[in-house]
Every structure is written in structure tokens, then in C-alpha cells.
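I opened my notebook and looked up a few features. My entries follow.

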Amino acid sequence: MEFKHKTPLIDQLETGPWPSFVSDIKREAESRRKNERNIDYQIPADVCEDLLGVLELSYEHGRTHWKHGGIVGVFGYGGGVIGRYCDQPEMFPGVAHFHTLRVNQPSSKFYTTKYLEQLCDLWERRGSGITNMHGSTGDIVFLGTTTPQLEEIFYELTHNIGQDLGGSGSNLRTPSCCLSGARCEFACYNTQAICHALTNEYQDELHRPAFPYKFKFKFDGCPNCCVASIARSDMSFIGTWRDDIRIDQEAVKAYVGGELKPNAGAHAGRDWGPFDIQKEVIDLCPTGCMRWDGSKLEINNKECTRCMHCINVMPRALRVGQDTGCSILVGAKAPILDGAQMSSLLVPFIKVEEPYDEIKELIESIWDWWMEEGKNRERLGELIKRQGFQKLLDVTGLKAIPQMVKEPRSNPYIFWKEEEVPGGWKRDINEFRKYHQR
Amino acid sequence: MDEEAAKKKIIETLEKKKGKSKFYLKDFYKMLPDEKNRAVKNLVNKMVREELLEYWSSGSTTLYGLKGAGKQAAAEHED
């Protein structure tokens, strides 16, 4: 189909072997142009064509034509909507306003088909039809609508679909959890239940900015950390156990004898040779706490750091313990004021039981400290670094224990330096305004 | 300080500010130093609901300003 704008540069993105977002946008643009379902579009029908056009222009100029941030939102909420505007509105009127909405995903992202259809129908009619399933924080992300549609979308979401907006700005962000016991035998606590309970408990913090900056909870049912809480959340709740790893010696022998496939057959696409328990499990244990004598597997559980490797390799033979709960870690973040940080252990073990009073007490004591002492745009991890972990222990009333050790840190992000960018950080405002309207 | 006096203080302080029209929550704590931070946060959010103030959000950070102040409204075609 011939679209409004020629897009030779971004067309190249469709030539690789991988799925292309350009093809996806073109498909939506074509669908909107044909409108075979006679949808009463509430924003320009050519929004996706203009989106392709502005993206092409950005590739041509090597810089963005979006302005982000703004005063837009729904009444009474200080989060959930991120204003976005195009700085070439005459050229691309369909994306003059192109606001993002964050929609609070259900725990573990379980949907019915009907629910998904309702979301998609709403977004086709009142937005661009383009979604991001899911954003980094876990939200359902609706990409691109106009200001007059915001309240209408919010009304339909809340009244017809029973759905709320998620968090953005200096708010509690949408809490997020792993699949938990619904699909996984490793879950040491019900992540969905606590994620849902705390989302309801802290509605005010989710919708009305209360903090110096963003704050994230994430709930992982076991140390495999499928929602990466240890790297991405100010408070990480990671499932663990206090007793011993359960061993089925007969099943261990079945793995060694080749009757059971290691890693539940996950890497079976290639012939790795016969399973070698010594090489693939015992020698890879980070604390060296395992022993195999040819007929019996032994684990010195006191030395186990819950790395999960042996359990992942031999899930039929090894299972997490039965006295389960979670560890609470604090302070993970991406680099903004300071470098990237992983969470640090604060509570080695706590039972996770409704109504979660002990956990709520801990959360609120941390918030009180951060709201009082945190600088503008300072994450909890940075405050802990600035004032010290000891201060955190003071405000939470916890005693220092040997488990509160730091992990080696590494920085997974790449930032450009001024000398690496042509022209540095300085720009000629008059030259800039030739191409970007105020 | 009663609520009406606190609101008046906030509005007067914001009206006097030159150059900047959007402020962090912590700036409001300084305007009412005798009040608890949580109480100021609640008051500022209430003032947004009463349409005396408005949020400005970059997506990652939220600031507050007098409703309609600054060039934001015009820039966003809201006026």
C-alpha cells in the first residue's frame, strides 16, 4: 500500500530476519486506512502513517522530533499518562499529540481473551491502536492518543473493563510479579496475592505523587528472579526457604543414567553428550556445597546461597525447601544521578502471609525516611549510598547481621560522553529552530 | 497553620517566583516548614484536585505549578 509519506530509511528495518516494529505499524496503518470494521475513529485515522513519517524524518535528521512530558493527565491522578508532542505538527498532524497511557496489568499478566479484545477495541477507537505489551515496569502501554481522549479512555477503562491506570512520575510504580504458583513449582510464596494486596493498599501512592522520585516494588517467587526484581526495583521481594533442599535420590540417579533430561529438556536442540552431574552441577555450585559419590547426592545446606542452578538442572530430583518465605532487598536502580545498582539484602527471611502487616510496616518506615531525607530525583538506593546502610537499619529498626553483604557491582548501561558526540552538548538554538518548532 | 492559610501561603509564594513555574514536592515542604511533609504532600495533591495547582510530569518525575502558569499550557495547545 502507498502511504502518506515515503519512508526509505525505516523501510530498511524490515529487511532483517527479525520481526520489525515498522512492519507492525504499517499493518496497523493499512488496517486504519481500510477500516473494514467501520470503527468510529476518535483520533486521526492516519495517525500511524504520520508516525512512520515523523520516524523517517528523525532518521533523516539524526535527532528526535518528539517533545515529551507535560501537564496532561486524568482528573485527580498524577500518574498513568505521559504527555508526548511532535515538534512538526503541520507536517504530521496525526501525531501532533501522541500521549502514552500506562494501564495497570493484572498480576502475572493473566488475561481472558475477552479482556484483551475489550482493551484492543477501546484503543483502536480512541487511540492509535499501537500497544506495547508490556512496558519495562510491566504495564500494558497504550501508545498515542490526543488530549481530549484521555478522560474518555479513563472512563471506559474504569467503568466498562474494571481496569485502572498504572504509575508514572514521582509515584509508586505499578507493582509487578512473576507467574508464581500458577505456572511454577519453584514459587516460595504467592507473589500474585501480595502484588494485588499492596497495589490496593497503596492506591494513593500509586496515583498521587508523594515521593522524591519513582519507587518500584517487584515480587519474585524464587531466586530465579523472573521479573528481575533484584536489578530493577527499589524493594525486591525474592522467594526463599529456611530449611533444606529436598532431594529425591532415585530421580538424581535417573538424571545421571539419562532417563530424565537435564533442565527439563530446555536445551535439547543440540546434542550436548551424556549428562555429567559432576561437571554440570557439582563443579558449578558457587559455594562448593554439593557432593556426588556415584550413588548419593549430598548438599551442605548451610553453605547454599540459593543460586538455583542445581534445582534448575534437575527439577525432578531437587526441590526448594518447605519452610518458605521471602528475602527483602532494597535499592536497585538504573543510572541517573548515580550508577546502576543491584539491590542489597535487608531482611534475609520473612514469612509472606496475609495481611502482610510486618511487610507494610517495613515499607512505610523506609518511605518515611526517603520522603524526609531524599533529594529531588534521588532513588532509595542513592539515599542508602549517601547516608549509609546503617542509617537505613536505624530507621527500619533492624539489627545489622552478616547476611547484609554487598554483591560486586557492574554497570550494564552505556552512556555517551560529550567528546563522543559531534558538537558536544552545546547546540546552536537558531539552527535547531529551523527544523524544530517551539 | 490552618488549611486555608497554608494554601494562601503556597499560592503567594508561587506567584512571587520569577523564571520558574514548576516545582518539586520538596520545594513545598520548605514553604510550610512547620508542617509534616506528609501533610504538605496531601495538601498539595488536594490543591491539584481543586484545580489551584497542576501536575507537570516528564514521565519519570512529577512537578507542580500554579494552574495555567508558565508556557506549558500554550505549548500543549491546552489554552
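I count helices as DSSP runs of H or I with at least four residues and strands as runs of E with at least two, numbered from the N terminus. The model is predicted: local features need pLDDT of at least 70, side-chain atom pairs count only at pLDDT 80 or more, and totals for chains, interfaces and linings use all residues. Residues are numbered from 1 along each chain as its sequence is written, while chains are lettered from A and ligands numbered from 1 in the order in which they are written.

**Chain B.** I found 4 helices and 2 strands in chain B. Along the sequence, chain B reads α-α-α-β-β-α.

**Two helices of chain A.** I then turned to helix 12 (residues 357-373) and helix 13 (residues 380-387) of chain A, whose axes come within 11 Å and cross at roughly 75°. The axes are lines fitted to C-alpha atoms over the stretch in contact, with angles from 0 to 180 degrees between N-to-C directions. Helix 12 of chain A is therefore roughly perpendicular to helix 13 of chain A (65 to 115 degrees counts as such).

I looked up who meets whom. Ile366(A), Trp370(A) and Glu373(A) of helix 12 meet Leu380(A), Leu383(A) and Gln387(A) of helix 13; contact needs C-beta atoms, placed from the backbone, within 7 Å.

**A sheet in chain A.** I noted 4 strands in an open antiparallel sheet, ordered 2-4-6-5. Strands pair if DSSP finds at least two bridges between them. Strand 2 (81-82) and strand 5 (130-133) of chain A are the edges. Strand 5 of chain A is joined to strand 6 (residues 140-143) of chain A by 4 bridges. Met133(A) stands opposite Ile140(A).

Methods: Parallel < 35°, antiparallel > 145°, perpendicular 65-115°, else oblique. Contact = placed C-beta atoms within 7 Å.
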